[in-house]
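The sequence and the 3D view come next, followed by notes grouped by topic.

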Amino acid sequence: MDAAVMKDLFPEPEALRQVDEKGQLPDDYRNSVMRKLRQKSDARSCFECSERNPTWCSVSFGVYLCLHCSGEHRRKGVHISYVRSVEMDKFYPDQLVQMACGGNSKAWNFFQSFGMGKLSDSGRKVDYSSKMALKYKADLEKLMKATCAAMDVPERGAEPEATAAAAAGGAQATAATPEAVEPVPAPAKWQVGQRVQYKDKVSGTWKWGSVTHCKPLKVDYSARDEVRESPSSKVLDATAQRAMAFAPAPAAAAAAAA
């Protein structure tokens, strides 16, 4: 990604770290970035059809969609195409960066070279389950992660400052009261659309997928024996997944113990 372009879109990268308690960006900031992105000529028409001024997008592929085509993408499932409204829905920092890394023109050119998309000679619709589509989506996500790292945007769910402060506070408390009881960890908050990794039973390799159900946890519409939030995260088996999804909040657990 052109550094100058990213500098123009995100002149103050620290703004990407100003999120709410759910880790999502303020609407005003989303609007300011989306306004710049949608001023590009390729973003003024739907990726799939000729409809003008699309107000929806597929974060998975970084493209802009009209209302009708956004519905078509939604029916494919969030594991294929994760759809958002550019004007109404909340965005996480990585999702906004992924839209900046993508764009209709970039996707049109890629799929056109494989005879797919509205600009191809055949006009054949993009097969979003094809190897080429999966490669495009994976490459876009890889570029997004590299761009986030370059701008010091933490991965979703990571809170470096809070974590460091908690660690320092914990160390002080331990030194003062050696026999202090370790607090019960808060349960994980699985969210539909959240990107996680799961271990494929057939190949034994780790693959990326999207959370489609929270209770019980399902990734790409299936229960997974082993999942993890990132390659460096702890692996959670089925028992651990249930415990994290249904564990009581720390205050409730403490009251029950008393």
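Two strands pair if DSSP finds at least two bridges between them. Helices (H or I, at least four residues) and strands (E, at least two) are DSSP runs, numbered from the N terminus. The structure is a predicted model, in which local features need a pLDDT of at least 70 and side-chain atom pairs count only at pLDDT 80 or more, while totals for chains, interfaces and linings use all residues. Residues are numbered from 1 along each chain as its sequence is written, and side-chain values use heavy atoms, with hydrogens and water left out.

**Overview**

- The protein chain has nine helices and eight strands.
- Of its 258 residues, 38% are buried; buried means under 20% relative accessible area, exposed over 50%, and partly exposed in between (1.4 Å probe, protein chains only).
- The accessible surface of the protein chain is about 14700 Å², and carbon and sulfur atoms account for 55% of this surface. Accessible areas come from the Shrake-Rupley method with a 1.4 Å probe; for residues, only the protein chains shown count as cover.
- A contact means heavy atoms within 4.5 Å. Taking contacts in the protein chain between residues at least 6 apart in sequence, 56% join residues at least 24 apart.

**Confidence**

- The average pLDDT of the protein chain is 83, and 81% of the residues score at least 70; pLDDT is the predictor's confidence in each residue, from 0 to 100.
- Residues 159–168 have a pLDDT below 50, and this stretch has one contact in the model beyond near neighbours in sequence.
- Residues 170–187 also have a pLDDT below 50, with eight contacts in the model beyond near neighbours in sequence.
- Where pLDDT is low, the predicted coordinates should not be read in detail.

**Strand pairing**

- Strands β4 and β5 pair in the antiparallel sense over five bridges, and Q197 has W208 in β5 as its bridge partner.
- The hairpin formed by β4 and β5 has six residues between the strands, and G204 in the turn has a positive phi of about 75 degrees.
- Strands β5 and β6 run antiparallel and are joined by two bridges; here V211 stands opposite V219 in β6.
- β5 and β6 also form a hairpin, with four residues between them.

**Nonpolar cores**

- A nonpolar core is a set of buried Ala, Val, Leu, Ile, Met, Phe, Trp, Tyr and Cys residues joined through side-chain atoms within 4.5 Å.
- The largest nonpolar core has 46 residues, and F10, F47 and F111 have the most contacts inside it.
- The elements that give two or more residues to this core are α1 (3–9), α2, β1 (56–58), β2 (63–65), α4, α5 (104–112) and α6 (131–150).
- Leaving aside neighbours within four places in sequence, the contacts of F47 include V63, L65, W108, F111 and Y128.
- Another core lies apart from the largest one; this core has eight residues, among them V196, Y198, V227 and L236.
- In soluble globular proteins, nonpolar side chains tend to be buried together.

**Salt bridges**

- There are 10 salt bridges in the structure, each being a side-chain nitrogen of Lys or Arg within 4 Å of a carboxyl oxygen of Asp or Glu.
- D27 and R30 form a salt bridge at 3.5 Å, N to O. They are three residues apart in helix α2 (residues 27–38), so about one helical turn separates them.
- D27 is partly exposed at 30% relative accessibility, whereas R30 is buried at 3%.
- K90 forms a salt bridge with D27, with the closest N and O atoms 3.1 Å apart. K90 lies in the loop between β3 (83–85) and α4 (93–101) and D27 in helix α2, so the pair ties together parts that are 63 residues apart in sequence.
- K90 is partly exposed, at 32% relative accessibility.
- K201 and D225 form a salt bridge, their closest N and O atoms being 3.7 Å apart. This pair links distant parts of the chain, with K201 in the loop between β4 (195–199) and β5 (206–213) and D225 in the loop between β6 (218–219) and β7 (226–228), 24 residues apart.
- K201 is exposed, with a relative accessible area of 65%, and D225 is partly exposed, with 44%.
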